[in-house]
Amino acid sequence: MEQILTTAARLAALKASIARIGQPARTAGTTLPFGVAAVDARLPGGGLALGALHEVGGGGADIEHGAAAALLIAGILARRPGPVLWLLERPDLFAPALDAAGLRADRVIYAEAGKPAAVLQGMEEGLRHPGLAGVAGELSGRLTLTASRRLQLAAESSGTLCFALRRSRRHDDPMLAEPTAAVTRWRVAALPSPPVLAHAPQTPGLARPRWRLDLLRCRGGEPASWIMEATDATGHLGLPADLADRPAAAPPERRRAAAG
Amino acid sequence: MPPPDKPLVTALHDGRRQAVAAADRVARSLGLTPGMPLAQAQALVPGLAVVPAEPEADARGLEELAAWCLRYAPLTAPDQPAGIWIDATGCAHLFGGKSAMPASGESTMLAAGEAAVPAAGEAAMLASGEAAMLASGEAAMLADIVARLAQGGIAAQAAIADTPGGAWAVARYGGPSFAGTAVTVVPAGDTAVALCPLPVAALRLDAATAAGLVRLGFDRIGQVLQAPRAPLALRFGQALTRRLDQALGRVSEPIEPIAPPGMVAAHVAFPEPLLTPEALSTVIARLTVLVCAELERRGQGARRLDLRFERVDRTQQAICIGTARPSRRPAHLARLLNEQLERIDPGLGIEAMRLVARLTEPLAFGQPRGDLIGGEDAGADVSVLVDRLVNRLGARKVYRAAPVESDVPERSVRRIGPLSPPARTRWPPALPRPTRLLHPPQPVEALAMLPDHPPAQFTWRRRKHRIRRADGPERIGGEWWKHDRERSAMRDYWQVEDEDGRRFWLYRSGDAVDPATGDLRWFLHGVF
């Protein structure tokens, strides 16, 4: 028994020292909670790590436009103070939609970089600049381990939230599954929304969009997925009312070491 | 001075008699040419206004004009008697074009000209620009030059080409698209094509050579280019082949740029020519400190900085940077300059460098001078970041979005400068607007009951989307005050959700009752 205890204590000490090596010391308040307990509970630190690179991509056919992913990012950045740098490859982002997600147009500086390499360069430039709320870069190309590590280090140095919005013309692009140095990787896919009025399903109209939010990778955490209501006017996600009382989609899968 | 629609010439005594020295556009259209005896001109055009020519004053005026042109590019020079060279390499991006990184700094000049008679003057301006620049920035720059000179009463023609000779020819004798415009941009690499149809005089030849060529049947430059070189060189001397080579960029043609008085500048010459970018960076750091100290003394901040490099082979190259707000932080300015350093081809070495604050604005004293990277005071100032992005991507590529009070979605957003004051209006919050707006709207095949039902399904890129739910229509009318044909145009927008839950923004052109409002085709305009 004593043997087991010491093993456990030793393990905890080792884990702590690994955490210290792996990432710079985080003090309290270095995460941004989603404000949804079910999601925050699954994230280390109780929210999205600030000063870190996060990958977000669309699901299914939306991987090309990343429309929902852009809204998710806008909603998160809307809840941080300060200006936002948004790097584009081509100007197809429609500013009123970001404004409707709570990210005021006055706060966003767009930079049309044209090429993925220039987007990466611009992202790093923004991350090295202190005082931004966040940097979002839309990338249709590859995000290599080296490039993502550069972004991650730059984000750590300034404490700026960084998002790589991954886009691709192919629905199941293997490029998007390649490992990167990002702290988390998210996938946002649209789900059929419920009727506007539950008691009268034939009523025309559209309810709040519904998303399937997948946390595919998370440093120091486990993958998970949720059904959420899309970003509202203040940048918050919501838990669907008809699902709120049920347990989160499925019990957390046990991850085997070999499957990591 | 007569009104501009009356003919005007200047007269000069050529030793034997009074002769016409220069004629304005109206006078030339009446058949008066420089060199003609004044008595003959006055006989041809009764009531001709004649003013005595002042060549020295004209030359001084041209130099002043060349100094004024420094607002556009770091290297300018007067081309007596009626032209100004402007080396526009790497400068058009500050006028909204995109600056690409050129592989090598080919010889690049632009010349502008002013008439011998300042007020009645004709001016030809020529430019030769960097191969890799987008034409939009160049055209915008030339148009700006011509418009501003026109305000000063100077009729100018401007052209930009790869070589000084090419720009000279095209500005004075017209390019391929020279349909009455004063601005010609010869696309990179097309100089030879643009020169071929021009008369041989466009090669900057002396009158005897030009006349000799015409006598031999060479009317156009293209014919000269096709002829064997050796006999031509034998007959007309090296001047002809040199002009040809200069126009085509086979030999470089340095210009002797003017040094404007009164500008904040710093100059360093080296005992040994410098070659490596590291050495040049060190000098940049020194020069920026010198210039910033002088700017601080004057209470000014730099908006445009030019850095000129004098190469061992007597040619000059330059880079220019702009800042969104006046600045005199050496570290910031040095960093912006260093990012452009890859444009410079040191050749056999750089002998001297000169940093000029071409455009300055008042800046309050006591700006905290912090280290840029990680400096505590740099945090709040986004202009530092904006400067870097603008100098890398181009001025039009960095912007903020601002609302426009227009119901037409594609017109409801305009771009404003990244540091503009906040917009006072907002978009109406209740209307659904897609995250991605497709431009132009994509035509789709849709099945819908007329007039007021949402589509039941639509096909986009050969994929069929069955629609489960929809919201709409939102009717948007054409803006008849903008275009006459929008008088009755109408769009009915629907936000639809397909079986997978993806939401699209579709519209039907027309209200489905009155055919004048639209042809009932369906378009996909956005993705939610």
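**Cores, helices and a strand in a predicted model**

Colleague: Which residues touch the most other members of the largest nonpolar core?

Modeller: In this predicted model, A:Ile73, A:Leu77, A:Cys162 and B:Leu506 touch the most other members of the largest nonpolar core, which has 102 residues. Helix H3 (residues 67-78) of chain A gives the most to this core, with 11 residues.

Colleague: Why is this core said to lie between domain 3 and domain 4 of chain B?

Modeller: Domain 3 (264-393) and domain 4 (436-527) of chain B both give residues to this core, and therefore it lies between them. A second, separate core, of 76 residues, includes B:Ala139, B:Ala159, B:Ala169 and B:Ile221.

Colleague: What does B:Leu506 touch, leaving out residues up to four places away in sequence?

Modeller: Among the residues that B:Leu506 touches are B:Val444, B:Pro455, B:Phe458, B:Trp494, B:Trp522 and B:Phe523, a contact being counted when the C-beta atoms lie within 7 Å.

Colleague: What makes helix H13 (residues 382-393) of chain B mostly covered?

Modeller: A residue is buried if 20 or more other C-beta atoms lie within 10 Å of its own, and 11 of the 12 residues of H13(B) are buried, so the helix is mostly covered. The buried residues include B:Asp387, B:Arg388, B:Asn391 and B:Arg392, as well as B:Leu385 and B:Leu389. What covers them includes strand E5 (108-112) and helix H5 (116-128) of chain A, together with strand E12 (316-327), helix H12 (330-339) and strand E14 (398-403) of chain B.

Colleague: How does the span of H13(B) compare with the span expected at 1.5 Å a residue?

Modeller: From its first C-alpha to its last, H13(B) reaches 16 Å, close to the 16 Å expected for its 12 residues. The helix is followed by B:Gly394, whose phi is positive, near 110°.

Colleague: Why are the buried residues of helix H10 (residues 238-248) of chain B placed on the same side?

Modeller: These residues are B:Leu240, B:Arg243, B:Leu244, B:Gln246 and B:Ala247. They cover an arc of only 165° around the axis, which puts them on the same side of H10(B). They pack against helices of chain B including H5 (164-173), H7 (207-215) and H9 (229-236).

Colleague: In which sense does strand E8 (residues 184-191) of chain A pair with E9(A), parallel or antiparallel?

Modeller: E8(A) and strand E9 (residues 210-218) of chain A pair in the antiparallel sense over 8 bridges, with A:Val188 opposite A:Leu213. Strand E3 (residues 53-58) of chain A pairs with E8(A) in the parallel sense over 5 bridges, and A:Gly57 stands opposite A:Arg187.

Methods:
Residues are numbered from 1 along each chain as its sequence is written. Chains are lettered from A and ligands numbered from 1 in the order in which they are written. This is a predicted model: local features need pLDDT of at least 70, side-chain atom pairs count only at pLDDT 80 or more; totals for chains, interfaces and linings use all residues. Helices (H or I, at least four residues) and strands (E, at least two) are DSSP runs, numbered from the N terminus. The expected span of a helix is 1.5 Å times one less than its number of residues. Two residues are in contact if their C-beta atoms, placed from the backbone, lie within 7 Å. A nonpolar core is a set of buried Ala, Val, Leu, Ile, Met, Phe, Trp, Tyr and Cys residues joined through C-beta atoms within 7 Å. Domain bounds come from an automatic or database domain assignment. Two strands pair if DSSP finds at least two bridges between them. The arc is that of the directions from the helix axis to the C-beta atoms.
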